[in-house]
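User: Please examine the assignments made for this model and set each one against its definition.

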Amino acid sequence: MAGRFAPRPAVTRTTTRGGEVAVPAPRAAAHAQGGGQERRYVPPGPLDLGLVLGPLRRGPADPTFRTAPDGSVWRATRTPAGPGTLRVAAHDGAVHAQAWGPGAEWLLEQLPALLGDADDPDAFAPRHRLVAATHRRRPGLRLTRTGLVMESLIPSVLEQKVTTDEAYRAWRLLVRRYGEPAPGPCPERMCVMPEPRAWALIPSWEWHRAGVDNKRASTILRAVRVARRLEEAAAMEPEAAMARLELIPGIGRWTSAETVQRSNGAPDAVTVGDLHLPGIVGYALAGERDADDAAMLELLEPYAGQRHRAARLILLSGRVPARRQPKMPRHDISAL
């Protein structure tokens with residue numbers, strides 16, 4: 001019955017992309033872990049690790065991402081220098097980072113960009129009361145820039161036209177089965193995603209067991225064959241980066257935007273083609289829950305150059321329309 005369902009929870013894939021990860025506030029400086037390389041970084045302004053790094057987590061059981069009770073965030077990834085694990089903890093206006101593995105030096109060198117140092121929050125000017133209020137409440141929001149394309153592209157492809165649970169399950173199963181243990185004294189069962197050749201060698205039945213249909217699997221296989229050229233997009237301007245990604249059949253505007261938001265820190269790469277986002281933006285800014293992409297882009301036009309940031313602030317506001325229909329049903333193709 002229309003209007004009888006509870007409001008959308010704050011854990012849908014859309015709000016997870018726009019929202020944050022809960023990071024416990026450390027009561028004191030987090031203790032350093034044994035070994036590894038270290039770096040201390042002082043951000044130019046307020047910094048909220050949960051907001052900045054939250055979009056990199058693909059579900060609460062993501063094997064490449066963890067938060068710890070001491071207020072630190074762990075991240076395992078594959079860098080140009082090889083696999084690496086990064087641990088960051090913020091305290092008293094500074095960030096202490098440690099890294100392990102062949103990619104440790106690269107991760108520490110990229111730390112400022114990862115924490116939004118290249119972002120310019122002052123370029124954003126709120127045009128709506130709701131956006132202005134959220135902007136004031138979230139001074140620590142900065143847009144991350146990982147400098148890595150494939151780690152965001154592959155899970156974005158897995159999220160195409162399926163439920164949140166299906167996408168997160170596929171990512172979790174494939175990374176744990178074909179990735180490798182994260183280097184360093186990291187939390188249990190953390191893994192580094194597979195290298196491109198390992199993705200290419202995954203048998204068809206394993207994609208099926210993970211619930212990934214042939215269309216999405218084929219898109220990933222086409223992408224990993226030219227992974228080196230796609231990684232070059234991290235150094236391009238966002239529009240050029242998106243254009244390069246979209247040369248791969250199966251990668252459209254939705255997937256390319258979701259990727260460059262993370263890899264390039266693109267403040268204007270608004271996600272189009274999303275099931276929920278136009279309705280959320282339309283409802284928050286104009287009371288129009290049935291808004292489509294065209295209406296969303298028209299509403300976001302005053303934020304040209306900063307539309308992705310505006311969309312994130314709208315999602316963070318929590319103003320979403322009540323659900324009018326049940327959730328999209330899950331289709332587990334692995335049971336076929």
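**Assignments and their criteria**

Analyst: The count of disulfides comes to zero, where a disulfide is a pair of cysteine sulfur atoms within 2.5 Å. Cys186 is in no disulfide, and the nearest cysteine sulfur, that of Cys191, is 8.4 Å away. This is a predicted model, in which local features need pLDDT of at least 70, side-chain atom pairs count only at pLDDT 80 or more, and totals for chains, interfaces and linings use all residues. Residues are numbered from 1 along each chain as its sequence is written, and side-chain values use heavy atoms, with hydrogens and water left out.

User: What makes Cys186 buried or exposed?

Analyst: Buried means under 20% relative accessible area, exposed over 50%, and partly exposed in between, with a 1.4 Å probe and protein chains only. Cys186 has a relative accessible area of 19%, so Cys186 is buried. Cys191, at 10%, also counts as buried.

User: What makes the strands a sheet, and in which order do they stand?

Analyst: Strands (E, at least two residues) and helices (H or I, at least four residues) are DSSP runs, numbered from the N terminus. Two strands pair if DSSP finds at least two bridges between them. Five strands form an open sheet in the order S1-S5-S4-S3-S2, with antiparallel pairing. Strand S1 (37-41) and strand S2 (65-67) each have a single partner strand, so they stand at the edges, with one side of each left without a neighbour in the sheet. On average, neighbouring strands of this sheet are turned by 20° against each other, direction ignored; axes are lines fitted to C-alpha atoms, and for helices over the stretch in contact, with angles running from 0 to 180 degrees between N-to-C directions.

User: How do you know that strand S4 and strand S5 pair?

Analyst: Seven bridges join strand S4 (residues 82-91) to strand S5 (residues 94-100), and the two run antiparallel.

User: What makes Arg253 and Glu239 a link between distant parts of the chain?

Analyst: Their side chains meet in a salt bridge at 3.0 Å, N to O. Arg253 lies in helix H13 (residues 253-263) and Glu239 in helix H12 (residues 238-245), 14 residues apart. Arg253 counts as partly exposed at 36%, as does Glu239 at 48%.

User: Are Glu258 and Arg262, which form a salt bridge, buried or exposed?

Analyst: Glu258 has 0% relative accessibility and counts as buried, and Arg262, at 3%, counts as buried too. Their closest N and O atoms are 3.3 Å apart. Both residues lie in helix H13, four residues apart, about one turn of the helix.

User: How many salt bridges are counted, and which residues are linked in a network?

Analyst: The count comes to 16 salt bridges. Arg228, Arg229, Glu232 and Arg244 are linked in a network of them.

Technical notes:
Salt bridge = Lys/Arg side-chain N within 4 Å of Asp/Glu carboxyl O.
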